[in-house]
Amino acid sequence: MKPKTQRLTLALLAVVAIIAAALLALSALKDQAAYFYTPSDAAKAHLQPGAAVRLGGMVEKGSLTHLPDGVTITFAVVDNAATVPVRFKGIVPALFREGSGVVADGRFDANGQFVAETILAKHDERYMPPEVAGAMHKSESLKK
Amino acid sequence: MIAEAGLAALWLGAALCMLQLIAATLAVRGEAQLAGIVRPVAVAQAALTMLAFSLLIWLFVEVDLSVALVFENDHSEKPFLYRFAATWGNHEGSMLMWVAILGVAGAAVALLERKLEERTLLATLGGQAVIGLGFYAFLLFASNPFARLYPAPPEGRGLNPLLQDPGLAFHPPTLYLGYVGLSVAFSFAIGALVTRDVGPAFARAMRPWVLGAWIFLTLGITAGSYWAYYELGWGGWWFWDPVENASLMPWLAATALLHSVTVLATRDGLRAWTLMLAVIAFSMSMVGTFLVRSGILTSVHAFAVDPRRGMFLLVLLFLYIGGALALFGARVGTVREGTRFDPVSREAGLVANNLLLSAVLGIVLVGTLYPLILEAATGTKLSVGPPYFDAAAGPLALILVAVMAAGPLLRWRRDNLAPLAKRLAPAAGLALIVLIAVKFVAPSIHILSLLGLALAAGLALASVAPLWQRNLRRTPLFVWGMVLAHLGVAVSLAGMACDSSFTVEKLVAARVGETVTVGPYSVTFDAIDPTFGANWQALQATLLVRRGGGDMLTLSPQARTYWAPPTETSETAIHTALDGQLYTVLGKQAPDGRWQLRLWWKPFVTLIWAGGALIAIGGTLALIGRLWRARRRPQEVWL
């Protein structure tokens, strides 16, 4: 093989690899990316059960209940305009509490309940996830 | 006075950095009398940054609350180790560490580099000064660590408790040595592009620097992964968090660079590509710094939420990456053609390695940046998590492992498929046996884990194959290094596959006295008591753990409450056995008085980090081997 042909082959290979990786990335992005919804966004969006969703808002006061198994909780996420019922099995983060901001990764089941796989809450007193801060801000302005 | 001295040292360092740039530029252009001052200036500049950094450490250890940064992040009740390490547990301090390491890396090149052609070396030090100036400016204009606070408050606000761990003393400095160490490779590439001096001698000079940065990067990532694993209490060791990706991307690029620089050093091939990779590797470090330090991500790593800082870093990023790529574009045409090679050869295997690593890098980059760009452009928020990365990067990583098994068994320049197949046969056979055996034992195992286990076994055997029929005493150290590093990948991969497919998880609400079984262990919830430490109080569960008829062990997971700043964290308790770890977390109390316990039996999970350590040890042996050989045979430099 001449050097020039070899360089061309290598370049072609690289292009093919890049295209293959891009296709792989795009198809995975399409299937696997979780869009962020506030409860009011989710109400409008008619989400498919089973699609990956990231839900953010505030834990409604008085909505937290513990199921008899001792490890499952249900609560409602609100943004002052809509409410989503959520079920979660696991240990909630330390600063998860009623009236506090929350972001949950999970999926809607067929009954419209959101089944959370992971729950993120404020890290400490100083910190709030930007999604929650944004969602709170938005619903505050809706209220006015 | 100490804070003012630190600030003065930084300004002086910035001035010397400017001098270094000017002197190096003029010296490369032919002002020979200036060449002599470039090295001393680089060393003096490093000394000043180290002085500034040491003074900041001093302020933190002494808890000088008249300094704003100390007030924000330090607390007099903290133990010495955390007052010390809190220096870099915040935005400004960590950026000062960045600049200090950058300065030291430049000084190390000035003092130790003897192989590089003099003009290229001067241009390299000029490149290092250009990078330095941008980050000095960022420190002095947007992130002054020495800003005073008046009047001095009586007590500091304390360090984020998640960071209050011995890991903070080790993980950030190691990772930064890797991140910033890659700046040397970048500056080498700039130097080579300026003087058009690219060849085997250049590659042999660059290789130890790349290897050194890569070793630290490997150690830093491994340590960070283990820290997240035991500190967060989520049972996972990698979350595809953007901050983790920020450290993985430079590692992928540096790994590719490490292999392509070998082709350049040994066979004088892949000239332009190696320079490109050197630019990409440090660019990824800067992208990582931007992601972590700009405040656009919120995580335990993101201290700053100041948009000006984000813009400043973004501008630096575009200037450096754009500038380097422009220089590359302008000069690459004049880089002479490298030597050609056969499609079946060691070189070709390394090209495949580079393509696959680059593809994985691209996938991680897309997954990390896409949500940020989408949100900036359209306001749509989306999160890209493990499902994306596993689905997209997983298959490519497995192909990469297969290539890795074959690579070291290929001959340089020209080889044939038939003898290669013969050399690979034992490894392929072993992989097949493991594949069938695992599928038989665990029929429902996920395909990626199944292939992972099989390929790990094959790779382990193929990795040691280059030692076959060799006189082990006379085998060069860098061959040992390669063998160990590749073996480390196999070990780590086996750990990942075991953890993801054989982990047993129990989430229960238990009363005191109840016994739960998880994997081979029975866990008795014996008691729950209050306890306290220097700046926290906690509830501590006492778990009596027994495996079969073995000895009784005690594990004590805690739910801690810190008071400065007020934060609750959970402290895991982990028992390490030869064949895995028992991982326990204490949760919340249910309304009926029972306590949530989360227990995991994780078979062979420790292999993940053992593999990481093995990779770093392999790298270290290779580094020592290369330096040793270069010392003993200096004439090789001029080949």
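1. Is A:D105 buried or exposed in this predicted model? A:D105 is buried, with a relative accessible area of 17%, where buried means under 20% relative accessible area, exposed over 50% and partly exposed in between, computed with a 1.4 Å probe on protein chains only. The model is a predicted one, in which local features need pLDDT of at least 70 and side-chain atom pairs count only at pLDDT 80 or more, while totals for chains, interfaces and linings use all residues. Residues are numbered from 1 along each chain as its sequence is written, chains are lettered from A and ligands numbered from 1 in the order in which they are written, and side-chain values use heavy atoms, with hydrogens and water left out.

2. The side chain of A:D105 meets that of A:R54 in a salt bridge of 2.8 Å, N to O, a salt bridge being a side-chain nitrogen of Lys or Arg within 4 Å of a carboxyl oxygen of Asp or Glu. Because A:D105 lies in strand 6 (residues 101-108) of chain A and A:R54 in strand 2 (residues 53-59) of chain A, the pair ties together parts that are 51 residues apart in sequence. A:R54 also counts as buried, at 14% relative accessibility. Helices (H or I, at least four residues) and strands (E, at least two) are DSSP runs, numbered from the N terminus.

3. Strand 4 (residues 72-78) of chain A is largely enclosed by the rest of the structure, because seven of its seven residues are buried. A:T72, A:T74, A:A76 and A:V78 point one way from this strand, whereas A:I73, A:F75 and A:V77 point the other way.

4. Strand 4 of chain A pairs with strand 5 (residues 83-89) of chain A in the antiparallel sense over seven bridges, where two strands pair if DSSP finds at least two bridges between them. In this pairing A:I73 stands opposite A:F88, and the two strands form a hairpin with four residues between them, in whose turn A:N80 has a positive phi of about 70°. Strand 2 of chain A is joined to strand 4 of chain A by two bridges, and these strands run antiparallel, with A:V78 as the bridge partner of A:M58.

5. In chain B, the side chains of B:K602 and B:D499 meet in a salt bridge of 2.8 Å, N to O. B:K602 lies in strand 11 (residues 595-603) of chain B and B:D499 in helix 16 of chain B, so the pair ties together parts that are 103 residues apart in sequence. B:K602 is buried at a relative accessible area of 3%, and B:D499 counts as buried at 8%.

6. The largest nonpolar core has 166 residues, among which B:W98, B:F135, B:F188, B:F202, B:M206, B:L275 and B:Y388 touch the most other members. Domain 1 (1-164) and domain 2 (504-603) of chain B both give residues to this core, so it lies between them. Such a core is a set of buried Ala, Val, Leu, Ile, Met, Phe, Trp, Tyr and Cys residues joined through side-chain atoms within 4.5 Å, and the domain bounds come from an automatic or database domain assignment.

7. A:L24 is placed in helix 1 (residues 3-32) of chain A and counts as partly exposed, at 28% relative accessibility. Not counting residues up to four places away in sequence, A:L24 touches B:I363, B:A392 and B:L396, contact meaning heavy atoms within 4.5 Å.
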